[in-house]
Amino acid sequence: MGAYMPKALTDKWSTPPHIIDQVVEEFGSIGLDPAASPDNAVSKRYFTEQKDGLKCQWLANLVYVNPPYGRILNAWVAKALEEYDSGRSKRIVMLLPSRTCTRWFHALYERLDVEIRFIKGRLKYGDGSSPAPFPSILVIIGKNPDNLSTALEIMSDRQLAEYQEAIGDDC
Ligand SMILES: C[S@@+](CC[C@H](N)C(=O)[O-])C[C@H]1O[C@@H](n2cnc3c(N)ncnc32)[C@H](O)[C@@H]1O
């Protein structure tokens, strides 16, 4: 599904609340939502299209991303892998459409530190009224973050936000 989709369609897939509850229960509180609007952010700290989450640094212990579902998905997955590999994000959870023939899916699939969970059935996104016309996956980048030993790892999300401000990143 690499076809063009209008913006109203790519952005409308807000995460169902039970998925957020599961993520928080398993991995702890979400420190950053880099693809959001004020009315759908799933974390106190978030980046909007205006700030551009693709350009900002993702400094957080747990980043949760449900990006726009158009062709731009390649860029969001590449950005997530870059932020994780740099050590700026300790762990990143992504909710994505299951498109197993795409470049971005294989970029995730070939990595040993990425877990891909196929969600049974179809999620009810957005207003929750009807199931999505596609299956979804939950991707965990950083299966075993205890192996990481970066200076950033020991900072709280609040300290990371302060650090981001201090280095002049106005995101
Ligand atoms: C699928 S919705 C996700 C909503 C919610 N944050 C969630 O996790 O369920 C994608 C959101 O990303 C926003 N968005 C689009 N491009 C963006 C960008 N470059 N940087 C940050 N946010 C962006 C859209 O406005 C929309 O609110």
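**Reading the fold**

Modeller: Read from the N terminus on, the elements of the protein chain follow the order α-α-β-β-β-α-β-α-β-β-α. That makes five helices and six strands. Please keep in mind that this is a predicted model.

Biologist: How many residues does the protein chain have, and what share of them counts as buried?

Modeller: The protein chain has 171 residues, and 29% of them count as buried. Contacts can also be sorted by their separation in sequence. Among contacts in the protein chain with a separation of 6 or more, 68% join residues 24 or more positions apart.

Biologist: How should I read a sheet, and in which order do its strands lie?

Modeller: In general, strands of a sheet pair through backbone hydrogen bonds, either parallel or antiparallel. Here four strands form an open sheet with mixed pairing, in the order β3-β4-β6-β5. The edges are held by β3 and β5 (114-118), each with a single partner strand, so one side of each has no neighbour in the sheet. From one strand to the next, the twist averages 15°.

Biologist: How many bridges join β5 to β6, and do they run parallel or antiparallel?

Modeller: Five bridges join the two strands, and β5 and β6 run antiparallel. Within this part of the sheet, valine 114 stands opposite isoleucine 141 in β6.

Biologist: Which strands does α3 lie across?

Modeller: The helix α3 lies across β3, β4 and β6, and runs at about 160° to β4.

Biologist: Which residues of the largest nonpolar core touch the most other members?

Modeller: The largest nonpolar core has 34 residues, and those touching the most other members are Val63, Tyr64, Val65, Ala80, Ile92 and Met94. At least two residues of this core come from each of β1, β2, β3 (60-65), α3 (73-86), β4 (89-97) and β6 (136-141). Take methionine 94 as a case: residues up to four places away in sequence left out, methionine 94 touches Val65, Ala80 and Val139.

Biologist: Where is tryptophan 13 placed, and is tryptophan 13 buried or exposed?

Modeller: Tryptophan 13 sits in the loop between α1 (7-10) and α2 (17-27). Tryptophan 13 counts as buried because 21 other C-beta atoms lie within 10 Å, and the cut-off for a buried residue is 20 or more. Beyond its neighbours within four places in sequence, tryptophan 13 is in contact with Asn66, Tyr69, Tyr125, Gly126 and Ala132. Tryptophan 13 and glycine 126 are 113 residues apart in sequence, yet their C-alpha atoms are 5.3 Å apart in space.

Biologist: What is to be noted about phi of aspartate 52?

Modeller: As a general rule, most residues other than glycine have a negative phi. Phi of aspartate 52, in contrast, is positive, near 70°. Aspartate 52 lies in the loop between β2 and β3, and counts as exposed because it has 12 C-beta neighbours inside 10 Å.

Biologist: Finally, which residues come nearest to the ligand?

Modeller: There are 20 residues around the ligand, of which Thr15, Ala35, Ser37, Gly53 and Asn66 come nearest. The elements giving two or more residues to this shell are β1 (33-36) and β2 (46-48). The largest share, three residues, comes from β1. By class, the shell around the ligand holds nine nonpolar, seven polar and four charged residues.

Note on methods. Residues numbered from 1 in each chain as written. Predicted model: local features only at pLDDT ≥ 70, side-chain atom pairs only at ≥ 80, totals over all residues. Near = placed C-beta within 6 Å. Nonpolar A, V, L, I, M, F, W, Y, C, P; charged D, E, K, R; others polar. Core = buried A, V, L, I, M, F, W, Y, C linked by C-beta atoms within 7 Å. Contact = placed C-beta atoms within 7 Å. Pairing = 2+ DSSP bridges. Axes fitted to C-alpha atoms, helices over the stretch in contact; angles between N-to-C directions.
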